[in-house]
Amino acid sequence: MRILLVEDTQDVGEAIAARLRALGHAVDWERDGETGDGVLAVQTYDLVILDVNLPGLDGFTILKRLRARQGRTPVLVLTARSQVDDRVGALDLGADDYLVKPFDFRELEARVRALLRRHSGHADNAIACGNLVLDRAARSASVGGQPLDLTRREWTLIEILAARPGRIFGKAELLDRVSSFDDESSENAVEQIVARLRRKLAQAGARPEIRTLRGLGYQVVCPEP
C-alpha cells in the first residue's frame, strides 16, 4: 500500500521507511509539517504515519486539517509525549491509533497491519480468493497450500485487487498505490506486473481470474466456494 510518513528525525524516519519498504509498501517520506500537509491536500494514501513534534506545522494541526477536508485516511500518530491528555487529544482530533516514542518496530508493523486491514474491511491478516490465500502479516501467498513466489510489486498488486474482489481499479490508480514519489514508473509497468501475475497464477493452478476491462482497468473475480 502507499503510505505517507511525516517525521523530521532523520534516523527514525530512515528506519521506519526502510522497514515499511521491506514489507512491500510504497513510502513517501516528508520531513516538515508544511510539506506533509501540502502533500495530503493533493495526494491520497492508504495510511499516514504522523509525528507530533514537527518543524512548521505540528502533527495535531495537520491531522485537524486532514479531517476538516473530510479525509478518511487512517492516521497513526507518533508522539514523545506520554501524558494521557496528549494521547486523548490526538484520538479526539481523528487519529486512529498512536505510538509513544521510543517504540518497538515490531509493534509499529503490527499497528500498520491492523490499520490497513481495518481500512480495507478485513477482520484478520488473511485474504482468501478461491484457492489463493494472502497472508498480510507474513507478506506471503499460497495456492492450494503451496507457496507462490511473488515480487514485492506483484504481491502488492494482487493484495489490492483481491482485497476488494469485483471492484475495478484503473491503471493510474494501481500505479499510484504501488509507487512512491521516488519511483520512475508508467502505466506500462502495471500491465507488465499484471501479465506476470496472470502467468504465475495460471502455472500454480490458481482459480481467481484477473480480468481486463477495456478502457477501465482490472478486477479480480473470485470463484464461488
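Analyst: A side-chain oxygen of D104 lies within 2.8 Å of the backbone nitrogen of R106, at the start of α5. The model is predicted, so local features need pLDDT of at least 70 and side-chain atom pairs pLDDT 80 or more, while totals for chains, interfaces and linings use all residues. Residues are numbered from 1 along each chain as its sequence is written, and side-chain values use heavy atoms, leaving out hydrogens and water.

User: Which residues of α5 are buried, and what do they pack against?

Analyst: Buried (under 20% relative accessible area, 1.4 Å probe, protein chains only) are L108, E109, V112, L115, L116 and R117. The buried residues of α5 pack against β1 (2-6), α1 (10-22), β3 (47-51), β4 (75-79) and β5 (97-100).

User: Why is α7 called roughly perpendicular to α8?

Analyst: Roughly perpendicular covers angles of 65 to 115 degrees. Helix α7 (residues 171-178) and helix α8 (residues 187-204) pack at about 85 degrees, their axes 9 Å apart; therefore α7 is roughly perpendicular to α8. K171, A172, L174 and L175 of α7 make the contact (heavy atoms within 4.5 Å) with E187, V190 and E191 of α8.

Terms used
Buried < 20%, exposed > 50% of the residue type's maximum accessible area, 1.4 Å probe, protein only. Helix = DSSP H or I, 4+ residues; strand = E, 2+ residues; numbered from the N terminus. Polar contact = N/O pair within 3.5 Å; in protein donor to acceptor, adjacent residues only side chain to side chain. Axes fitted to C-alpha atoms, helices over the stretch in contact; angles between N-to-C directions. Parallel < 35°, antiparallel > 145°, perpendicular 65-115°, else oblique.
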